[in-house]
Amino acid sequence: ERILNMVDGALVLVDAAEGPLPQTKFVVSKALRMGLRPIVVINKVDRADARANEVLNEVFDLFAALDATDEQLDFPILYGSAKQGWMSTSLEGDMDAKLEQGMTPLFDLVLKHVPQAKVEDGPFRMLGTIMEANPYLGRLITGRITSGTVKPNQAAKVLDRDGKLIETGRITKVLAFRGLERQPVEEAEAGDIVALAGLPEASVAHTICAPEVTEAIPAQPIDPPTLAMTFLVNDSPLAGTEGDKVTSRMIRDRLLREAEGNVALRVVEAAD
């Protein structure tokens, strides 16, 4: 759900033999509720047991059952084989021509069907969506810039969901996605999805913004953990015979390091 806040479109990828699966229903329901208009891609049409037309009807029934609007039900369709590296708007046609076109019909349809990114006016604001720990850069927060621009060494502050100040600091690195690689850039603007380094207290659902901003971006709260565990030093007769994380300090450091990049964990030190 958080990641869906960053996108303007979606591809619903369905196997031409298996059809929609339970997880398809779950993620499509979230996308439809966000108002996205998905493109349906029926993949693996080269399989011997492919039944593309039946699967297409199943996808339409799924959209209807999930209360899709008329606009969402009028979805564009592509058929293809990711393994063979081609996509096409129809099942029929010359296979050599399809192989020559490759994935071009998919890219063209994305440009034609997906609306431009919605951006706002004003100073820099970004909602944290993904958190990870990097051994060289520290905590990295990924999100889509809502307004303004951001550069390395720029002053910034972090607000929680209620607008309360968490920390102030400077952005040390701005990393943008270029293909499958993540590369440092000198400037990123509204609409770009970037990862920011330099703010050790920032987390998912926090707003990273320019110092003059006072209002946080609306965000979903992080669900609290549902399971509690106590970690302590092994005091059994076999203590010390295996493993190297055997002292309380090492266990503590390892847990805190995990919590750096895992938003689901909350580590609290016991009084004793």
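Strand 9 and strand 10 form a hairpin with 5 residues between them. In the turn of this hairpin, Gly163 has a positive phi of about 90°. The model is predicted, and the values below are computed from it. The chain holds 6 helices and 15 strands. Its radius of gyration is 23 Å, well over the 19 Å that the globule rule gives for 272 residues, so the chain is more spread out than a compact globule.

**Hairpins**

- Strand 9 covers residues 155–159 and strand 10 covers residues 165–170. The two run antiparallel and are joined by 5 bridges.
- Within this pair, Lys157 has Thr168 of strand 10 as its bridge partner.
- Strand 11 (residues 173–178) and strand 12 (residues 181–184) also pair in the antiparallel sense, over 4 bridges.
- Leu175 stands opposite Pro184, a residue of strand 12.
- The hairpin of strand 11 and strand 12 has 2 residues between the strands, and Gly179 takes a positive phi near 65° there.
- In a regular strand, side chains alternate between the two faces of the sheet.

**Whole chain**

- Taken along the principal axes, the C-alpha atoms fill a box of roughly 70 × 60 × 35 Å.
- Of the 272 residues, 36% count as buried.
- Contacts between residues at least 6 apart in sequence include a 66% share that joins residues at least 24 apart.
- The chain exposes about 16800 Å², and carbon and sulfur atoms supply 52% of that area.
- There are 29 positive and 41 negative side chains. The centres of these two sets lie 5 Å apart.

**Positive phi outside glycine**

- Asn153 has a phi near 75°, a positive value in a residue other than glycine. Asn153 lies in the loop between strand 8 (149–150) and strand 9.
- Asn153 counts as exposed because its relative accessibility is 54%, and exposed means over 50%.
- Ala205 likewise has a positive phi near 75° and is not a glycine. Ala205 is found in the loop between strand 14 (193–197) and strand 15 (207–209).
- Ala205 has a relative accessibility of 4% and therefore counts as buried, the cut-off being under 20%.

**Residues in helices**

- His113 lies in helix 5, which covers residues 104–113. The relative accessibility of His113 is 14%, so His113 counts as buried.
- Leaving aside neighbours within four places in sequence, His113 is in contact with Arg37, Pro38, Ile39 and Pro76.
- Glu100 has its place in helix 4 (residues 95–101). At 72% relative accessibility, Glu100 counts as exposed.
- Glu100 and Trp86 are 14 residues apart along the chain, and their C-alpha atoms are separated by 8.1 Å.

**A residue in strand 6**

- Glu132 is placed in strand 6, which covers residues 130–134. Glu132 has a relative accessible area of 26% and is partly exposed.
- From C-alpha to C-alpha, Glu132 and Asn262 are 6.8 Å apart in space, while they are 130 residues apart in sequence.
- With neighbours within four places in sequence left aside, Glu132 is in contact with Gly138, Arg139, Leu140 and Thr142, and also with Arg182, Glu260 and Gly261.

**A loop residue between helices**

- Leu66 sits in the loop between helix 2 (52–65) and helix 3 (70–73). Leu66 counts as partly exposed, with 22% relative accessibility.
- Beyond its neighbours within four places in sequence, Leu66 is in contact with Lys25, Val28, Ser29 and Leu32.
- The C-alpha atoms of Leu66 and Gln154 are separated by 44 Å, and the two residues are 88 apart along the chain.

Notes: Residues are numbered from 1 along each chain as its sequence is written. This is a predicted model: local features need pLDDT of at least 70, side-chain atom pairs count only at pLDDT 80 or more; totals for chains, interfaces and linings use all residues. Side-chain values use heavy atoms; hydrogens and water are left out. The radius of gyration is taken over C-alpha atoms; the globule rule is 2.2 Å times the number of residues to the power 0.38. Buried means under 20% relative accessible area, exposed over 50%, partly exposed in between (1.4 Å probe, protein chains only). Contact means heavy atoms within 4.5 Å. Accessible areas come from the Shrake-Rupley method with a 1.4 Å probe; for residues, only the protein chains shown count as cover. Lys and Arg count as positive and Asp and Glu as negative; His and the chain ends are not counted. The place of a charge is taken as NZ of Lys, CZ of Arg, CG of Asp or CD of Glu. Two strands pair if DSSP finds at least two bridges between them.
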